[in-house]
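Have the sequence open alongside as you read.

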Amino acid sequence: MFVLELTYTAPLDAVDALLPDHLAWLDEQYTQGVFLASGRKTLRDGGVILAVAEDRARIDEIIARDPFAVAGVCTYRVTEFVATKTAPGLDRYRQTPS
């Protein structure tokens, strides 16, 4: 499982101009079962996405297609973790540490 933290590197008007395309990209990832949750940071200086994928390389491919990343209005920090405990609705994503 992965936590993707976006930090805006451009003024909000530049981010907002790309928001419809970014939202369409998010919808595509939800449809494919990659994204589990997402949203803005409360200070509106970026966002957070909870994602599942087979490996980091796949996450990097997905990030590279984000209109925010393509336009250079944000950077990503990716943290991979082993989800050993989950809420009942997320049982299928629970992992056993190696």
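Aspartate 21 comes out as partly exposed because its relative accessibility is 47%; the scale here is buried under 20% relative accessible area, exposed over 50%, and partly exposed in between, using a 1.4 Å probe and protein chains only. Before going further: this is a predicted model, where local features need pLDDT of at least 70 and side-chain atom pairs count only at pLDDT 80 or more, while totals for chains, interfaces and linings use all residues. Residues are numbered from 1 along each chain as its sequence is written, and side-chain values use heavy atoms, with hydrogens and water left out.

You'll find aspartate 21 in helix 1. Helices (H or I, at least four residues) and strands (E, at least two) are DSSP runs, numbered from the N terminus. The C-alpha of aspartate 21 is 8.5 Å from that of phenylalanine 68, although 47 residues separate the two along the chain.

Helix 1 covers residues 12-31, which makes 20 residues, and its first and last C-alpha atoms are 27 Å apart, close to the expected 28 Å. That expectation is 1.5 Å times one less than the number of residues. Still, the helix bends by about 50° at leucine 19, with proline 20 following within four residues. The bend is the angle between axes fitted to the seven residues ending at a position and the seven starting there.

Which residues of helix 1 are buried? They are Val15, Leu18, Leu19, His22, Trp25, Leu26 and Gln29. Their packing partners include strand 1 (2-8), strand 4 (74-80) and helix 3 (67-71).

## A buried aspartate

Now look at the loop between helix 2 and helix 3, where aspartate 66 sits. Aspartate 66 is buried but has no salt bridge, and the nearest side chain of opposite charge, arginine 65, is 9.8 Å away. For charge, Lys and Arg count as positive and Asp and Glu as negative; His and the chain ends are not counted.

What does the side chain of aspartate 66 make a polar contact with? The partner is the side chain of histidine 22, at 2.7 Å. A polar contact is a pair of N or O atoms within 3.5 Å; within protein, one must be able to donate a hydrogen and the other to accept it, and residues adjacent in sequence count only if both atoms are side-chain atoms. A polar atom of the aspartate 66 side chain also lies 2.9 Å from the backbone nitrogen of phenylalanine 68. Setting aside neighbours within four places in sequence, aspartate 66 is in contact (heavy atoms within 4.5 Å) with Leu6, His22, Trp25 and Tyr76.

## Salt bridges

The structure holds seven salt bridges, each defined as a side-chain nitrogen of Lys or Arg within 4 Å of a carboxyl oxygen of Asp or Glu. Here are some of them.

| Pair | N to O distance |
|---|---|
| Glutamate 54 and arginine 58 | 4.0 Å |
| Glutamate 61 and arginine 58 | 3.4 Å |
| Arginine 94 and aspartate 91 | 2.6 Å |

Salt bridges with shared partners also link Glu5, Lys41 and Arg77 into one network. Glutamate 61 and arginine 58 are both in helix 2, three residues apart, or about one turn. Glutamate 54 is exposed because its relative accessible area is 63%, while glutamate 61, at 44%, is partly exposed.
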